[in-house]
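Here are my notes after a first pass through this one. Have it open beside you while you read.

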Amino acid sequence: MKKTFRFYLSVLGAKFIIKLMRLLKKNATNLPGEIALIFYPDLLRYFDMPETVIAVTGTNGKTTVSNMINNILTENGFDFINNSFGGNVDTGIASVLLENCTLKGGFKKNMALFEVDERSAPRLLPYISPDYLVCTNLQRDSMKRNAHTEFIFNVLNKNIPAKTKVILNGDDLISSRLAPDNQRIYFGISRLEGEVTTEDNIICDIVNCPECGNRLEFDFRHYNHIGRGHCTECGFGTPPINFDVKETKDSMVYIDHEGSREVYRLPNNRITDLYNTAAAVTLTRTLGLSEKQVSSAMEKLEIVKSRYESFEAAGKQVIVSLAKGQNPVACSGVCDFIRKEPGNKAVIMILEDFYDAKRTSENIAWIYETDFEFLKGDDIKQIIVGGKRADDYMVRFLIAGIDRSKIVCCQNETDTVSYLKTEGIDKIMVMYDLFNVISLNSIKKQLKELPEDNKK
């Protein structure tokens with residue numbers, strides 16, 4: 001495509017801004033792209049994209065899957081551009097492209113890997129034109145941002161290029177319907193031996209058949225609507241799974257593919273991490289890497305600490321897990337994980353959304369869709385919630401049937417540790433929102449400084 005003078009001017013200006021920001025020790029992750037897109041809204045259509053473009057999207061898990069793919073490709077010697085340290089919307093990806101492109105808008109590297117916010121699909125997918133698109137799942141998210149799963153489905157479905165090979169979660173009867181005319185590869189998880197499936201969620205995002213409207217029947221659900229199901233009227237249901245997880249044992253995952261069983265190291269045994277692993281394996285194997293190449297790379301994989309972390313404090317195991325405020329499915333998943341962890345537990349919860357607080361949203365409907373009922377077991381000895389909405393959580397916990405004597409509320413997130421009682425507990429579980437990293441770091445520091453005989 002013939003480029004305009006305005007495009008060349010945008011590239012030069014953005015590169016200057018990026019260099020200036022680097023000199024000032026600032027992250028040039030969004031601002032250069034934001035300025036360039038304001039100056040030239042059609043900027044993205046004029047890049048000569050690398051030979052192979054991979055995009056990863058979905059409601060939950062896209063960052064983890066992108067990082068896993070990034071690590072596997074890097075370990076196998078691929079040289080590519082990516083936005084692992086930047087934004088996943090149009091301004092962030094524009095910044096990455098502007099930093100890495102030549103002055104003519106081409107690229108020296110022949111591969112790109114992008115995490116793409118699903119809501120930004122209309123502003124990105126037609127222009128970066130991915131050769132491979134991974135969709136982890138489509139689930140209920142922030143009401144003010146993503147509205148409804150069918151809305152997001154339509155946003156994605158209308159903007160996936162015809163050439164794109166899609167890697168889909170076959171156990172998600174919503175996202176598995178994306179791009180019906182494209183080449184599609186499915187990953188999924190069979191019912192595992194000894195698995196206690198979670199079928200008591202408040203939310204199930206697909207109840208009726210999208211083809212005929214008949215009530216769907218689920219053979220089993222791992223959680224929410226993620227599982228295997230079918231329609232008894234029209235035959236709609238879970239598609240044939242190309243990469244099917246059949247077993248997990250001793251931190252290894254066993255995946256059936258084309259009549260043979262492949263074995264990979266599992267970074268974590270939570271069901272969501274199992275899906276993330278299956279997605280990363282499916283993409284990299286579909287890309288052409290051998291089982292040995294992927295398996296060797298996965299031996300070195302760890303979940304990034306911004307998603308999951310474990311350490312010792314006060315003689316107890318501390319498990320820190322991202323819960324994503326205003327996302328009832330993600331928060332419910334962490335609550336489910338907590339209830340299934342063995343031993344007596346205390347829970348510290350900081351779920352205030354930084355941007356929600358800045359913009360003073362009054363919508364708290366999502367906490368009534370979150371399965372806080374999962375935390376009412378006798379092995380949950382204490383729940384400490386901090387933040388401006390603490391009293392709202394108190395009401396929700398009481399509705400969930402949680403014993404009032406277990407609940408402590410405080411207005412300051414970083415005060416939560418001062419109310420912690422470690423006597424009689426085995427684990428301290430911390431669930432937090434992604435935008436609460438400053439408060440989280442303070443909490444982790446306080447926990448590490450606790451004496452082992454702390455019995456407040």
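1. Leu9 counts as partly exposed because its relative accessibility is 38% (buried is under 20% relative accessible area, exposed over 50%, partly exposed in between, with a 1.4 Å probe and protein chains only). Together with Phe5 and Phe39, Leu9 makes a nonpolar surface patch of about 320 Å². For patches, residues need over 30% relative accessible area and no salt bridge; like charges are joined within 9 Å and nonpolar side chains (Val, Leu, Ile, Met, Phe, Trp, Tyr) within 5 Å. A salt bridge here is a side-chain nitrogen of Lys or Arg within 4 Å of a carboxyl oxygen of Asp or Glu, and areas are Shrake-Rupley values with a 1.4 Å probe, where for residues only the protein chains shown count as cover.

2. Some housekeeping. This is a predicted model, where local features need pLDDT of at least 70 and side-chain atom pairs count only at pLDDT 80 or more, while totals for chains, interfaces and linings use all residues. Numbering runs from 1 along each chain as its sequence is written, and side-chain values use heavy atoms, with hydrogens and water left out.

3. Next, strand 1 (residues 52–57): six of its six residues are buried. Thr52, Ile54 and Val56 point one way, Val53, Ala55 and Thr57 the other. Strand 1 pairs in the parallel sense with strand 3 (residues 111–115) over five bridges, with Thr52 opposite Met111. Strand 4 (residues 132–135) also runs parallel to strand 1, joined by four bridges, and Ile54 has Tyr132 as its bridge partner there. (Pairing takes at least two DSSP bridges.)

4. Which residues touch the most other members of the largest nonpolar core? Phe47 and Phe114, out of 51 residues (a core is a set of buried Ala, Val, Leu, Ile, Met, Phe, Trp, Tyr and Cys residues joined through side-chain atoms within 4.5 Å). A second, separate core has 40 residues, including Tyr264 and Val329.

5. Two backbone spots to check. Most residues other than glycine have a negative phi. Ala179, however, has a positive phi of about 45 degrees, and Ala314 has one near 55 degrees. Ala179 lies in the loop between strand 5 (165–169) and strand 6 (184–189), and Ala314 in the loop between strand 12 (308–313) and strand 13 (316–322). Ala179 is buried at 5%, as is Ala314 at 7%.

Conventions: Helices (H or I, at least four residues) and strands (E, at least two) are DSSP runs, numbered from the N terminus.
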